[in-house]
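Please look over the structure shown here. What follows is a set of questions and answers about it.

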Amino acid sequence: MVSSKADTKGPHAVKDTLPNKTVLRALAGEVQSVPPIWMMRQAGRYLPDYRATRAQAGDFLSLCYNSDLAAEVTLQPIRRYGFDAAILFADILLIPDALGADLWFVTGEGPRLSTIETMADVEALKPAGDIHEHLAPIYETVRILSRELPQETTLIGFAGAPWTVATYMIAGRGTPDQGPAHGLRETEPAIFEALMERLTRATIEYLSAQITAGAEVVKLFDSWAGSLKGEAFQRYALAPARQIIEELKSRHPEIPIIAFPREAGDGYIGFAKATGADCVALDNSVSAEWAAKNVQVDGCVQGNLASSHMVTGGQALVDETRQIVEAFREGPHIFNLGHGITPDADPENVQLMIDTVRSIAPAESVA
């Protein structure tokens with residue numbers, strides 16, 4: 001059952017011509033008694049079939065750039081769980097790789113990159129428009145998925161937001177506090193802003209090409225937005241998101257966009273209106289009740305079950321899942337985790353989460 005509130009809630013009026021894809025309907029502002037569900041990192045190391053395919057590819061980057069195998073791992077959780085959306089299997093650091101940075105992954109430790117320290121380092125990067133040949137295998141993965149996914153499954157493309165990608169490029173790796181990036185933006189603002197502009201333009205090009213290849217939704221992951229405070233958040237998280245979204249909307253007016261400024265706190269308030277995003281994804285540092293009052297009033301929200309429940313399972317998983325569904329019931333909502341699923345998660349807990357969402361919502365649906 002669909003709530004009559006669908007005519008008034010959300011950023012758009014719901015159109016009868018929308019396809020029968022629940023994620024797209026939620027992004028258009030429709031209130032659904034059963035929220036659509038997908039999961040960040042749903043293709044990943046917690047699944048034995050993923051691990052087997054990655055071993056076949058040889059290493060992580062080879063898997064990202066092997067279109068057939070990347071499509072296969074994207075499809076695996078759809079076959080197993082029947083999620084309402086599939087998210088392209090790739091990595092947020094493929095843009096710096098395409099721009100000419102050195103990128104490699106250290107087993108058990110994560111990514112390593114050549115560092116950006118000077119204006120010459122920024123100027124040595126390729127122009128944003130020159131990334132497509134390098135990223136052609138990613139676009140081919142999107143094309144394969146657009147053919148192979150079930151008709152009811154929405155295909156989501158994505159990219160890392162400029163600030164988050166910049167933190168890795170400046171430090172040469174992930175850091176707990178993004179200190180090197182904060183240091184560069186404070187002491188060498190011209191270098192920092194030149195890098196941000198290069199990344200912003202490249203992100204627009206990358207996401208636009210994904211859409212052209214067949215992505216029906218794109219998501220902008222700003223995983224380290226929460227370390228930006230005050231004016232810095234406005235300048236380096238919100239403003240680039242607005243620029244990216246405005247340009248994508250001008251090229252692809254019908255494509256919905258999800259923004260995820262993780263751990264933004266009060267910065268979530270008004271983020272959709274300020275950037276033009278069709279949906280704001282939420283981490284689990286904010287409660288669903290708070291977000292319903294302060295964020296969902298502007299349209300669709302996505303989230304926000306703690307990913308730790310995928311490890312621990314049990315009644316706590318069921319109870320919090322129910323609580324989130326209930327809190328967001330009055331507006332458009334896509335059920336998801338507040339962060340990506342971790343490698344130590346139990347696949348059976350994923351099924352429990354899905355079963356809980358899909359079994360409780362109809363019985364308690366809005367009138």
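**Strand, sheet and contacts**

Thr154, Ile156, Phe158 and Gly160 point one way from β4, while Leu155, Gly157 and Ala159 point the other way, and all are buried. Residues are numbered from 1 along each chain as its sequence is written. This is a predicted model in which local features need pLDDT of at least 70, side-chain atom pairs count only at pLDDT 80 or more, and totals for chains, interfaces and linings use all residues, while side-chain values use heavy atoms, with hydrogens and water left out.

Q: How many residues of strand β4 are buried?
A: Buried means under 20% relative accessible area, exposed over 50%, and partly exposed in between (1.4 Å probe, protein chains only). Helices (H or I, at least four residues) and strands (E, at least two) are DSSP runs, numbered from the N terminus. In a regular strand the side chains alternate between the two faces of the sheet. Strand β4 covers residues 154–160 and is mostly covered, the buried count being 7 of its 7 residues.

Q: What is the order of the strands in the open sheet?
A: Two strands pair if DSSP finds at least two bridges between them. The sheet has 7 strands and the pairing is parallel. Its edge strands, each pairing on one side only, are β1 (85–87) and β9 (333–337). The order is β1-β4-β5-β6-β7-β8-β9.

Q: Which residue is the bridge partner of Gly157 in β5?
A: On one side, β4 pairs with β1 in the parallel sense over 3 bridges, and there the partner of Ala86 is Leu155. β4 and β5 also pair in the parallel sense, over 5 bridges. In β5, the partner of Gly157 is Val218.

Q: Which residue in β6 is the bridge partner of Phe221?
A: Strand β5 (residues 217–222) pairs with strand β6 (residues 257–261) in the parallel sense. This pairing runs over 5 bridges. The partner of Phe221 in β6 is Phe260.

Q: Why does helix α8 count as largely enclosed by the rest of the structure?
A: Helix α8 spans residues 162–171. Its buried residues include Trp163, Tyr168 and Met169. Just after α8, Gly172 takes a positive phi of about 80°. The helix is largely enclosed because the buried residues number 9 of the 10.

Q: How many residues apart in sequence are the parts tied together by Asp84 and Arg358?
A: A salt bridge is a side-chain nitrogen of Lys or Arg within 4 Å of a carboxyl oxygen of Asp or Glu. The side chains of Asp84 and Arg358 meet in one at 3.2 Å, N to O. Asp84 lies in the loop between α4 (67–81) and β1 and Arg358 in helix α16 (residues 347–363), so the pair ties together parts that are 274 residues apart.

Q: How many disulfides does the structure hold?
A: A disulfide is a pair of cysteine sulfur atoms within 2.5 Å. The sulfur of Cys300 is 3.6 Å from the closest cysteine sulfur, in Cys279, too far for a bond. Cys279 is buried at 0% relative accessible area, and Cys300 is buried at 3%. The number of disulfides is 0.

Q: Which element gives the most to the lining of the largest pocket?
A: At least two residues of the lining come from each of α2 (48–57), α3 (60–65), β2 (103–106) and β3 (110–113). With 3 residues, the element that gives the most is β3.
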